[in-house]
Amino acid sequence: MSSHPQGPGRRNFLKMSGAAALGSPLVAGGTDTGGGASARPRGLPPLKITEVRVIVTCPGRNYVVVKILTNEPGLYGVGDATLNGRELAVATALKEHIAPLLIGRDPEQVEDVYQYLYRGSYWRSGPVQMTAIAGVDEALWDIKGKRAGMPVYQLLGGRTRVGALAYTHASGNEFSEVEDAVRRGMERSFKCVRAQVGLPGLAGTYGTSVTKKSEEHAGRVDQQAGLPETEIFEPSVYLRTVPKLFAHLRSKLGEEVELLHDTHEKLGPIEGARLARELEPFHLFFLEDLLRPEHKESFRVIRQYSTTPLAMGELFNSLWDCVPLISEQLIDYIRCDLGHIGGITNARKVASLAEAFHVKTAWHGPADVGPPTHAASVHLDIAIPNFGVQEMVFWPEATQEVLPGAPTFKDGYINVGDTPGLGTDVNEDAAKKYPYKRAYLPTARRIDGSVQDW
Ligand code: EZ4
Ligand code: CO
């Protein structure tokens, strides 16, 4: 046989290289069934997706779970497709539009399924679609790991570190309350703590909890059933308050504990530059999401004025959202949400892009994405070379009952075990006990009544 792929031996070449798996449906007018039957390593029989279950449940807050079943008895994967406040849009996209495309497809062709759902749909990106794709992607990696008998991090190249450095949240309305909350985090062995404070005279500030033990539910923005609440925000009050908070924390807590802060996309470029500059003496681990996500080049303004490390990305939905910030080295940490950027398949590309430009990862890890996404983040964290830090939460009992197997925390690090796949699961009977409740994120306005980025 000729070794030249265009020569007479092409057919054999394709077969041997595995490309034949993708060859069969490429017929004019044919239906794209994906891989079809392909030559399997170690004689494994062909695998097919037989069912896609979409489970919407509210064990404390709303989650959308994707369970993908296969023709191999007992072999299934579980992914998380939760988009806070738009859960049913994602569930409908999955049930009505995506599930029919998956039946009969080879679940092992993870990249092909990702490409097919992302580019193949013509309407690409966007939070609803990318969250739906993430749910599918996580379930497929889960299946691949189970089939291989390996935890997903092994499939990603194996361990590069003992665990993922984690951060928790601390908040309060007074500086002393925030200080106490940071101390509780440190007592709990956290080396890194995110600190948020209420703004004097303004009702409800992002990241400040109604309960005193804010770190118990790190990342938790309470989801209230009913219509969204309105918080009031004024940049001048915020800009006056936050540097004083960190002056207080450093004077009371010293230099060793790593402190972080989330601006949550609320400022304009020159305001963000002022904050980053005024926080310099307090040596933040990073300052998160200073600006709205639309015009990424605005981060150039911040960089002109400050050496405070910057993180950005939880609202990004595509690899290309990350390109300007990473390729111009405008940030130090890329913090996409695996659940909103298409899952492991896309996030590991973001990580590799970042690696080339000395940018580290800090995947978004709040309570409004489910345990399979947290597990996926940690599998990636412990496998990649350019991991930075991982935001994490402690799960309430009801969530653990419905979605068992979340990563575990010890001595400042979050970790996954050696269970094949992601290590997470869904208890469908338990899920039924907690029906969906319509709920929204809060929204925000300025004192003059105009809309403010929440
Ligand atoms: O406000 O996930 O860094 N964490 C965050 C989160 C987000 C919520 C939005 O749904 O910014 O707490
Ligand atoms: Co954030």
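Strand β2 (residues 63–70) is joined to β3 by five bridges, and the two strands run antiparallel. Within this pair, V66 has G79 of β3 as its bridge partner. The model discussed here is a predicted one.

β2 and β3 belong to an open sheet of three strands, ordered β1-β2-β3, in which the pairing is antiparallel. Its edge strands are β1 (49–57) and β3 (76–80), each of which pairs on one side only. From one strand to the next, the twist averages 20 degrees.

## Helices on this sheet

Helix α3 packs on the sheet, where it touches β1 and β2. The direction of α3 makes about 175 degrees with that of β1. Helix α5 lies across β2 and β3, and runs at about 145 degrees to β3.

## Contact of α3 with α5

Two packed helices are described by the angle between their axes and the distance between the axes. For α3 (residues 87–102) and α5 (residues 127–148), the axes come within 9 Å and cross at roughly 55 degrees. That angle makes α3 oblique to α5. The crossing in which α3 passes α5 is right-handed.

On the α3 side, the contact is made by A89, V90, A93, L94, I98 and L102. On the α5 side, V128, Q129, T131, A132, G135 and V136 take part. Sorted by class, the residues of this contact are nine nonpolar, three polar and no charged.

## Contact of α5 with α13

Helix α5 also meets helix α13 (residues 371–381): their axes come within 10 Å and cross at roughly 65 degrees. Here the crossing of α5 past α13 is left-handed.

The residues that meet are A134, E138 and W141 in α5 and P372, T373 and A376 in α13. The contact of α5 with α13 has four nonpolar, one polar and one charged residues.

## The sheet of β7, β17 and β18

Another open sheet of three strands has the order β7-β17-β18, and its pairing is mixed. β7 (230–232) and β18 (451–452) stand at the edges with a single partner strand each, so one side of each is left without a neighbour in the sheet.

Strand β17 (residues 443–445) and β18 run antiparallel and are joined by two bridges. In this pair, R445 has V451 of β18 as its bridge partner.

## Contact of α8 with α9

The axes of helix α8 (residues 235–253) and helix α9 (residues 269–278) come within 9 Å, crossing at roughly 10 degrees. This angle makes α8 roughly parallel to α9.

P235, L239, V242 and P243 of α8 make the contact with E271, R274, L275 and E278 of α9. By class, the contact of α8 with α9 has five nonpolar, no polar and three charged residues.

## Confidence of the model

How far does the predictor trust this chain? The average pLDDT of the protein chain is 90, and 88% of the residues score at least 70. Over residues 1–21, pLDDT stays under 50, and the model has 18 contacts beyond four places in sequence for this stretch. Residues 210–221 also have a pLDDT below 50, with 32 contacts in the model beyond near neighbours in sequence. Where pLDDT is low, the predicted coordinates should not be read in detail.

Methods. Residues numbered from 1 in each chain as written. Chains lettered and ligands numbered in written order. Predicted model: local features only at pLDDT ≥ 70, side-chain atom pairs only at ≥ 80, totals over all residues. pLDDT = per-residue confidence, 0-100. Contact = placed C-beta atoms within 7 Å. Axes fitted to C-alpha atoms, helices over the stretch in contact; angles between N-to-C directions. Helix = DSSP H or I, 4+ residues; strand = E, 2+ residues; numbered from the N terminus. Parallel < 35°, antiparallel > 145°, perpendicular 65-115°, else oblique. Left-handed = near helix turned anticlockwise from the far one by under 90°. Nonpolar A, V, L, I, M, F, W, Y, C, P; charged D, E, K, R; others polar. Pairing = 2+ DSSP bridges.
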